[in-house]
Amino acid sequence: MGNHATHTLSCPVIVEYPPQSGEIVLVGEPQKGFTLNFPGGGVDLLKDRDQESETLVVAAEREAKEESGLKVEIIGIVGLSHVLRERKFHFTLAAIAIGGNLTPSSKHPIVRTFSLEQIEELSSSGNLRSPRVKHWATKYFSPSNQLISLDYLNEFNNDPFPPDNTDFSYLQLD
């Protein structure tokens, strides 16, 4: 069998807040040098078929609430990134806020909204955790942005272990 590298699945969430404001939520945490990122985090994927895995949507909604204080509803997929050096797949999702308030915590003392122009300035000054933040924010605010339907994810909600022949070729990998 050999030694196989494992990958993790993460779910950064773009939350435009307040809705239709042209600003999105970013969070910063001290252990990461206060660089800013979308709220989000890892998905609990269990390798044992007898245990329940967390779905991507459930994980994203949970992480957004934990990191920003906002209760959100996921409305679509903005894009997918595969970062080999991190051994991580990032499903960047779009959400609408349906409750709560922006709430800093000891883990995320910076929780606020930024316009695309501000995000571009943060990128230039090195204050974003990754270039993906600017990339996906720009795509999200693009007039030609088309979110990928959540129906794509719902096909696998009952089986977190899709068959090996699953065809993801129609997704744009950035």
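Good morning. The structure before you is a predicted model, with a mean pLDDT of 82 for the protein and 79% of its residues at 70 or more. One stretch calls for caution: over residues 162-174, pLDDT stays under 50. For those residues, the model has 15 contacts beyond four places in sequence. Where pLDDT is low, the predicted coordinates should not be read in detail.

Let me turn to the helices. Two packed helices are described by the angle between their axes and the distance between the axes. Here, helix H2 spans residues 116-124 and helix H3 spans residues 131-141. Their axes come within 10 Å and cross at roughly 160°. Because angles over 145 degrees count as roughly antiparallel, H2 is roughly antiparallel to H3. The crossing of the two helices is left-handed.

Which residues of H2 and H3 make the contact? On the H2 side they are Leu116, Ile119, Glu120 and Ser123; H3 contributes Lys134, Ala137, Thr138 and Phe141. Sorted by class, this contact of H2 with H3 comprises four nonpolar, two polar and two charged residues.

I come next to charge pairs. Side chains of opposite charge can pair when their charged atoms come close. The structure holds three salt bridges, and one of them joins the side chains of Glu29 and Arg129, at 3.8 Å from N to O. Glu29 sits in the loop between strand S3 (23-28) and strand S4 (36-37), while Arg129 sits in the loop between H2 and H3, so this pair ties together parts that are 100 residues apart in sequence.

Finally, I would draw your attention to the backbone. Most residues other than glycine have a negative phi, and most peptide bonds are trans. Where does the model hold a cis peptide bond? A cis bond joins Tyr17 and Pro18, with omega at about -15°. Pro18 is placed in the loop between strand S2 (13-16) and S3. The loop between S2 and S3 also contains Gln20. Phi of Gln20 is near 65°, a positive value in a residue other than glycine.

Thank you; I would be glad to take questions.

Note on methods
Residues are numbered from 1 along each chain as its sequence is written. This is a predicted model: local features need pLDDT of at least 70, side-chain atom pairs count only at pLDDT 80 or more; totals for chains, interfaces and linings use all residues. Side-chain values use heavy atoms; hydrogens and water are left out. Axes are lines fitted to C-alpha atoms, for helices over the stretch in contact, and angles run from 0 to 180 degrees between N-to-C directions. Helices (H or I, at least four residues) and strands (E, at least two) are DSSP runs, numbered from the N terminus. Angles under 35 degrees count as roughly parallel, over 145 as roughly antiparallel, 65 to 115 as roughly perpendicular and the rest as oblique. A crossing is left-handed if the near helix is turned anticlockwise from the far one by less than a right angle, and right-handed if clockwise. Contact means heavy atoms within 4.5 Å. Ala, Val, Leu, Ile, Met, Phe, Trp, Tyr, Cys and Pro count as nonpolar, Asp, Glu, Lys and Arg as charged, and the others, Gly among them, as polar. pLDDT is the predictor's confidence in each residue, from 0 to 100. A salt bridge is a side-chain nitrogen of Lys or Arg within 4 Å of a carboxyl oxygen of Asp or Glu.
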